[in-house]
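Let's take a walk through a protein model together. Have the picture open while you read, and find each piece as it comes up.

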Amino acid sequence: MTHVNDPDVVRRLLTTPARWAVVGLSQNTARTAYGIAAYLQDLGMEIVPVHPKAETVHGAPGYATLAEIPGGVDVVDVFVRSELAGPVVDEAVAAGARAVWLQLGVVDEDAARRAAEAGVDVVMDTCPAIEAPRLGIV
């Protein structure tokens, strides 16, 4: 079965202040994750960079893994290739995230199913910077 994004879930995630772990976020300004993390901050979200280098980005201290983040996160925004997304989604579920957002071009139907079965909201193959204007949020 193919995952279909629920517009109500997308709207709720983009309008409810939350703590977003941005997996794949580094100080590389050329990467899409860098700009989208700033966009999320502009929407009122707290960001937590997650990257093996554990760099501070946009003033937020980074962590090497989701499990290392003190206090947990609400949403895990996945900026890794599709073939690497499944383990990140599983780690998000294990960490107690309420939602996972797989970025534009990141598709893993099995991981989306596992997350949904665990009661975690799933948004896949789209971007907050696409969805917020489309839904009239910004």
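This is a predicted model: local features need pLDDT of at least 70, side-chain atom pairs count only at pLDDT 80 or more; totals for chains, interfaces and linings use all residues.

Start with the strands: five of them make an open sheet, in the order β2-β1-β3-β4-β5, with parallel pairing. Because β2 (46–50) and β5 sit at the edges with a single partner strand each, one side of each has no neighbour in the sheet. On average, neighbouring strands here are turned by 20° against each other, ignoring direction. Now zoom in on β1 and β2, which run parallel and are joined by five bridges. Across from Ile47 in β2 you'll find Trp20.

**Helix α1**

Next, look at α1, which covers residues 7–15. At its start, a side-chain oxygen of Asp6 comes to within 2.8 Å of the backbone nitrogen of Asp8. Which residues of α1 are buried? They are Val9, Val10, Leu13 and Leu14. Looking down the axis of α1, these buried residues fall within an arc of 125°, so they line one face of the helix.

And what lies over them? The cover includes these elements:

| Element | Residues |
|---|---|
| β1 | 19–23 |
| β3 | 75–78 |
| β4 | 99–102 |
| β5 | 121–124 |
| α5 | 128–134 |

As for α1 and the sheet, the helix packs on it and touches β1, β3, β4 and β5, while its direction makes about 95° with that of β5.

**The cores**

The largest nonpolar core holds 26 residues, and Leu13, Trp20, Leu40 and Trp101 are the ones with the most contacts inside it. Two or more residues come from each of α1, β1, α2 (32–42) and β4. The largest share, five residues, belongs to α2.

**One more residue**

Finally, find Glu131 in helix α5. Is Glu131 buried or exposed? Its relative accessibility is 8%, so Glu131 counts as buried, the cut-off being under 20%. Setting aside residues up to four places away in sequence, Glu131 touches Val10, Leu14, Trp101 and Thr126.

Notes:
Residues are numbered from 1 along each chain as its sequence is written. Side-chain values use heavy atoms; hydrogens and water are left out. Buried means under 20% relative accessible area, exposed over 50%, partly exposed in between (1.4 Å probe, protein chains only). Helices (H or I, at least four residues) and strands (E, at least two) are DSSP runs, numbered from the N terminus. The arc is that of the directions from the helix axis to the C-beta atoms. Contact means heavy atoms within 4.5 Å. A polar contact is a pair of N or O atoms within 3.5 Å; within protein, one must be able to donate a hydrogen and the other to accept it, and residues adjacent in sequence count only if both atoms are side-chain atoms. Two strands pair if DSSP finds at least two bridges between them. Axes are lines fitted to C-alpha atoms, for helices over the stretch in contact, and angles run from 0 to 180 degrees between N-to-C directions. A nonpolar core is a set of buried Ala, Val, Leu, Ile, Met, Phe, Trp, Tyr and Cys residues joined through side-chain atoms within 4.5 Å.
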